[in-house]
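Try each task before reading its solution.

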Amino acid sequence: MRVGIMGGTFNPIHYGHLVTAEVVRDRFKLDRVIFVPSYHTPYKGRIHPASSRHRYKMAKLAIENNDYFSVSDIEIKKGGKSYTRDTMKEFKKSFGKETKLFFITGADAIAQMPRWKRAKELSTLCEFIAASRPGFKLRRLPVKYQRHTHLIEVPALAISSTDIRGRLKKGETIKYLLPEDVEKYIYKYRLYGSKPRRY
Ligand code: NAP
């Protein structure tokens, strides 16, 4: 088996994430992709405005039409800081040695990977797929990690969670940036300072 673990804050999940997962699944011939919303990403000072449960539920709504995709609450259930090495170790244990694991996330995050907890051990557990907007160079990554890392360009990553949160705060539309069910969920629970809105 070849399994992709899609790590991120997903605050909120959007089409950039979904396109990334689908492009990677296709290109790397993955049998499945598991989205893993983090509870609290290390090096981020504060807990995110949408609680981890909201981020998890939005991810579930977003992937529901793709049989290859699923969502795991492994990091949310565990709480505390979400260390990728611990998460990948758990997946390795449950899938077994024969399964090849790929950790998929944004290239900006992968560029910081040498600072992560037990990064060297992590690089023995999986290969890394760094997704970026066109033009990103992975030069900043030390050569020993570059060997385990694939860079893919995904134009749909022009969509960003930061931009979506900013739009909601200003009362601007977020239509077509994320799945409609996620959009409705955000307005229903007034996430990110959003006001009720007609569709
Ligand atoms: P981030 O810094 O919020 O995101 C960096 C960039 O990557 C943003 O542009 C983001 O876009 C994009 N991105 C994030 N997840 C993506 C995905 N799955 N596919 C495509 N683009 C993505 O990163 P983060 O979300 O906090 O962390 C990313 C992953 O790295 C998480 O799984 C986290 O747990 C892990 N991490 C581990 C450690 C550690 O083990 N010590 C430390 C840091 C991060 P959006 O804002 O639009 O999502």
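**Exercise 1.** Work out whether the radius of gyration of this predicted model agrees or disagrees with that of a compact globule.

*Solution.* Start with the chain length: the protein has 199 residues. The rule is 2.2 Å times the number of residues to the power 0.38, so a compact globule of this length would come out near 16 Å. The protein has 16 Å, which agrees. For the extents, turn to the principal axes, along which the C-alpha trace spans about 50 × 35 × 35 Å. Finish with burial: taking buried as under 20% relative accessible area, buried residues make up 50% of the protein.

**Exercise 2.** Find the order of the strands in the sheet, and say which strands stand at the edges and why one side of each is left without a neighbour.

*Solution.* Next, follow the pairing, which is parallel and gives an open sheet in the order S3-S2-S1-S4-S5-S6. Now look at the ends: S3 (69–71) and S6 (149–153) each have a single partner strand, so one side of each lacks a neighbour in the sheet. Between one strand and the next, the twist averages 25 degrees.

**Exercise 3.** Describe how S1 and S4 pair, then find the helix that lies across them.

*Solution.* Begin with S1 (residues 2–8) and S4 (residues 100–106), which are joined in the parallel sense over five bridges. Within this pairing, Gly 4 stands opposite Phe 102 in S4.

Methods:
Residues numbered from 1 in each chain as written. Predicted model: local features only at pLDDT ≥ 70, side-chain atom pairs only at ≥ 80, totals over all residues. Heavy atoms only, no water. Pairing = 2+ DSSP bridges. Helix = DSSP H or I, 4+ residues; strand = E, 2+ residues; numbered from the N terminus. Axes fitted to C-alpha atoms, helices over the stretch in contact; angles between N-to-C directions. Contact = heavy atoms within 4.5 Å. Buried < 20%, exposed > 50% of the residue type's maximum accessible area, 1.4 Å probe, protein only.
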